[in-house]
Amino acid sequence: MKVELVTNLKRQATKILADLHESKEPVLITEHGQPSAYLVDVQDYEFMQRRLALLEGLSKGERALMEGKTTSHKNAKEQMSKWLK
């Protein structure tokens, strides 16, 4: 992963962005020697957001199973047929 100082980002934003688009590698921005932010390609960010939403859905499903909040296939089918009328 590439690391850049925030001052370099201020001075060379166009070059850093061009490198980012070419390499698709995230850039860690540091401020006063400490990690401050990640700079990522838009497509990569959107992909990560979709993946996160999917994982959150799976987590909710697992939680429902553990808590016994499930229904049979027959009941689910009946409920769906009512909603689709």
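The model is predicted, with local features requiring pLDDT of at least 70 and side-chain atom pairs counted only at pLDDT 80 or more, while totals for chains, interfaces and linings use all residues. Residues are numbered from 1 along each chain as its sequence is written, and side-chain values use heavy atoms, leaving out hydrogens and water.

**Exercise 1.** Determine which strands pair with strand 2, and in which direction each pair runs.

Solution. Begin with the terms: strands (E, at least two residues) are DSSP runs numbered from the N terminus, and two strands pair if DSSP finds at least two bridges between them. Strand 1 (residues 2-5) is joined to strand 2 by four bridges, and the two run parallel; within this pair, E4 has I29 as its bridge partner. Next, five bridges connect strand 2 with strand 3 in an antiparallel arrangement, where L28 is partnered by Y38. Strand 2 and strand 3 form a hairpin with two residues between them.

**Exercise 2.** Decide whether K24 and H32 are buried, partly exposed or exposed.

Solution. Take the cut-offs first: buried means under 20% relative accessible area, exposed over 50%, and partly exposed in between (1.4 Å probe, protein chains only). K24, in the loop between helix 2 (13-23) and strand 2 (27-31), has 38% relative accessibility and therefore counts as partly exposed. H32, in the loop between strand 2 and strand 3 (34-39), reaches 79% and so counts as exposed. As for strand 2, four of its five residues are buried.

**Exercise 3.** State what the phi angle of K24 is, and what that of H32 is.

Solution. K24 is not a glycine, yet its phi is positive, at about 60 degrees. H32, likewise not a glycine, has a positive phi of about 55 degrees, and H32 sits in the turn of the hairpin.
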